[in-house]
Amino acid sequence: MDQVNSTNGYKNVVSMRGIIKRFPGVLANDQVDFDLRQGEVHALLGENGAGKSTLMNVLAGLYRAEGGTTMVHGQVVNFGSPREAIEAGIGMVHQHFMLVPSQSVTENVLLGLDEPRFRMNLSRYNRKIEEIAQQYGLHVDPAARIWQLTVGEQQRVEILKMLYRGADVLIMDEPTAVLAPSEIEELFKTLRSMTVQGKSIVFISHKLHEVMDISDRVTVLQKGKVTSAGIETKDITRADLARLMVGRDVVFRVEKKAVDAGDVVLSVEDLKADNDKGLPALNGVSLEVRQGEIVGLAGVAGNGQSELAETLAGLRLALEGRITVNSQDATNKPVKLGIRQGISLIPADRTQVGTAPNLSVTDNVIMKNYDQEPIGQGWIVNSLEAIKYASELKEAYDIIVPNIDTSVRLLSGGNLQKVILAREISSEPRLMIAVQPTRGLDVGAIEGVQKLLLAQREAGAAILLISEELEELLSLSDRIYVIYEGEIMGEVVDGDIDKIGQMMTGTRLEQIEAQGVA
Amino acid sequence: MDLLIILASGVATGTVLLYATVGEAFAERSGIMNLGVEGMMLIGAMSAYKVTAATQNPWLGLLVAMFAAGAISQVHAFIAITLQADQVISGLALNFLATGISLVLGEGLTSLRDVVPQLPNFTVPVLSQIPILGKVFFDNHSIMVYIGFIFVPLAWYYINRTRPGMHLRAVGEYPAAADTLGIRVYVLRYYYVFVGGILAGLAGATISLSISPGWFGALTTAGQGWIAVGLVIFAQWDPFRAAFGAYTFGALRRLVLDIQGPSTLLGLANPFFYNPHYAFFLKMLPFAFTVVVLVIGSREANRKRIGTPAALGLPYIRGQRGL
């Protein structure tokens with residue numbers, strides 16, 4: 001029997017009480033209560049590490065709670081595996097899609113089911129899946145292979161997978177993180193059409209505006225505790241939510257001193273390059289970065305940002321075009337030459353590209369100047385000098401680590417980023433390319449990183465900031481370019497969000513302005 | 001040198017490679033690389049021969065060979081799947097272990113040459129009358145060759161068009177995804193390593209009971225297990241391509257033998273006949289050929305996005321991020 005809340009007559013499909021979940025050293029969920037009503041979109045809001053995903057992983061059967069009870073449709077459940085959760089009608093769409101790239105949409109949907117028994121009648125199941133897709137407005141070709149699909153389409157496959165299994169509760173873990181604005185709009189439409197048809201949705205996010213947009217109610221988690229349980233979204237403001245989420249008033253602005261932009265440091269003309277699959281990723285990018293300015297590059301993930309950063313740093317072959325740094329040609333030059341010219345890269349992937357995970361802090365910070373005096377002396381690395389250097393950086397950048405011999409893989413994200421920044425900044429770069437420098441960091445660490453970038457700007461470095469966080473771009477950058485499918489759509493100086501948003505979906509600045517006049 | 005004889009002989013000797021290759025393809029499709037094929041084949045060849053010698057029933061020998069090799073494959077499965085150790089090292093270790101066991105247990109089998117019955121050869125009526133193809137594929141072959149013809153399309157169908165085949169592919173491509181959907185990753189991997197072992201045993205038995213009957217110690221298989229490991233890549237884990245590769249490789253080996261035989265070659269004095277040590281160069285050619293084909297094959301596969309199962313060689317550890 002479904003549990004009916006006597007005070008307001010709503011039906012709770014899920015109700016979790018006093019959930020406790022520990023990880024080594026962390027209390028991820030501390031006595032968390034959570035209710036989900038039928039037919040609502042319930043946002044679960046919180047910072048990274050607040051325990052949102054953990055709570056939902058408990059509900060979806062991935063984790064077992066150490067305390068508390070979970071009821072689904074009024075029955076106490078204790079799922080031992082995701083499969084049991086799905087059988088009870090609870091499906092989760094993860095941030096990282098759980099799809100087999102070489103298999104078709106239909107195969108992915110049918111994976112793990114008892115039906116069909118042996119022979120796959122794919123054309124029949126293609127039709128069946130097509131029908132469900134139609135019903136909820138999830139447009140995707142059932143015969144297509146996953147690797148051929150866009151990220152938005154892959155997400156639809158994940159949703160289809162759950163719907164096909166008869167899920168009536170759908171948990172979406174940060175579903176918009178990978179989507180373009182237009183795709184987000186379409187996802188929201190789908191979610192609404194599902195609630196109309198009686199499905200209930202948990203929407204995990206840390207983006208306030210989306211929560212305001214889509215949710216009926218919102219529960220806020222902070223450091224594993226509920227700070228607000230199931231408030232009606234219409235009764236609350238964005239500022240309230242921000243306070244509940246962070247636990248203090250949030251300043252959305254950073255202090256930025258006026259710096260006059262100087263000479264052009266980086267000039268890129270008509271740059272073309274391929275991605276790892278050999279497909280064109282940059283289709284003629286031109287841009288300029290001057291001394292003492294932070295230039296933002298906005299765009300949805302996968303539109304050529306990482307390829308641009310790699311090509312600039314000399315890690316990827318430029319097929320056409322010209323890169324000039326400090327009036328010297330830097331096109332397809334060895335990386336080491338770039339380093340000597342003062343090019344510095346803060347890569348998006350901190351653990352694989354930015355650092356060597358198993359090496360010590362010392363080894364990681366001397367990677368750019370191990371062959372320079374005083375650390376490098378001919379064939380020999382002077383380890384005393386290296387240790388001295390690393391200790392100085394540890395102090396200066398406040399890297400929290402027991403000792404500098406510790407492997408960097410044991411460091412937290414924020415400290416790891418400090419190691420990278422310490423190395424890159426101490427090489428006194430004239431051009432700094434920062435890719436997603438604050439991704440996945442907590443608020444304190446983000447502030448630290450942003451301050452360091454601003455200090456570099458004041459010191460006269462030219463900084464190209466590549467980020468998917470619009471707020472960060474807006475608060476740090478002097479100018480913002482927008483990239484879409486490997487082309488620069490235009491440049492914004494006044495931080496006009498509407499224009500940036502349109503350009504991120506492929507409208508050129510000229511077109512926007514033409515429309516504005518007409 | 002008769003081309004038809006070379007091709008027919010290629011089909012016969014290639015059949016051994018075919019079973020071993022498809023077996024390894026099954027294991028690797030599930031994500032487990034087993035470098036112990038050579039050793040498992042030796043176990044199969046030895047036990048088939050020994051059981052047949054004792055019971056005079058080659059079919060019983062074949063059956064025991066399959067189970068013996070399947071059983072020893074589980075040593076690798078346990079080390080690679082449960083203990084999550086390096087698959088290359090574990091596979092090599094299995095190879096030494098299995099080779100050692102078969103050499104010890106095979107003691108004295110060589111002298112039994114005339115008292116061990118073989119699996120039957122026969123000519124397929126009607127089909128053998130087809131010009132050229134009939135002579136190559138259906139004339140006086142071992143029954144194991146014909147079973148191979150049926151086995152290849154069945155294996156292909158199983159992998160690509162059935163539910164268990166789909167699960168097999170999923171486990172080798174993205175075990176975490178399969179796991180969240182309730183597919184038992186560990187169980188399936190054990191199972192397909194077993195299947196790989198069974199087929200390697202079958203391949204070994206095919207040698208000792210039929211294609212080149214007898215027990216000659218490690219020379220019985222003479223490195224064919226290693227060829228099979230390479231052929232899997234050439235075949236891009238596809239049974240039909242495996243069959244093509246196996247038969248071609250078999251024919252090349254026969255061609256190399258035929259080149260050494262006559263005293264004159266194309267009207268000239270045959271250097272390989274007069275300088276027998278030159279023959280080592282010839283023997284190398286099929287392997288060089290394999291390398292070339294491998295390179296070409298994998299480029300093509302990259303383009304078409306088929307090919308190496310993404311999780312091949314990686315232990316699956318539940319709950320570990322990024323897998």
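Q: What makes α1(B) and α9(B) roughly antiparallel?
A: They pack at an angle of about 170°, with axes 7 Å apart. Angles run from 0 to 180 degrees between N-to-C directions, with axes fitted to C-alpha atoms over the stretch in contact. Over 145 degrees counts as roughly antiparallel, so this pair is roughly antiparallel.

Q: Which residues make that contact?
A: Among them are A12(B), Y19(B) and F26(B) of α1(B), and Y192(B), L199(B) and I207(B) of α9(B). Contact takes C-beta atoms, placed from the backbone, within 7 Å.

Q: How do the residues of this contact divide by class?
A: Into 17 nonpolar, five polar and two charged. Asp, Glu, Lys and Arg count as charged, Ala, Val, Leu, Ile, Met, Phe, Trp, Tyr, Cys and Pro as nonpolar, and the others, Gly among them, as polar.

A quick word on the source: this is a predicted model, where local features need pLDDT of at least 70 and side-chain atom pairs 80 or more, while totals for chains, interfaces and linings use all residues. Residues are numbered from 1 along each chain as its sequence is written, and chains are lettered from A in the order written.

Q: How do you know that the length of α6(B) agrees with its residue count?
A: At 1.5 Å times one less than the number of residues, its 19 residues should span 27 Å, and the end C-alpha atoms are 27 Å apart, so the two agree.

Q: Where is the kink in α6(B)?
A: At F151(B), about 25°, shortly before the proline P153(B). The bend is the angle between axes fitted to the seven residues ending there and the seven starting there.

Conventions:
Helices (H or I, at least four residues) and strands (E, at least two) are DSSP runs, numbered from the N terminus. Angles under 35 degrees count as roughly parallel, over 145 as roughly antiparallel, 65 to 115 as roughly perpendicular and the rest as oblique. Two residues are in contact if their C-beta atoms, placed from the backbone, lie within 7 Å.
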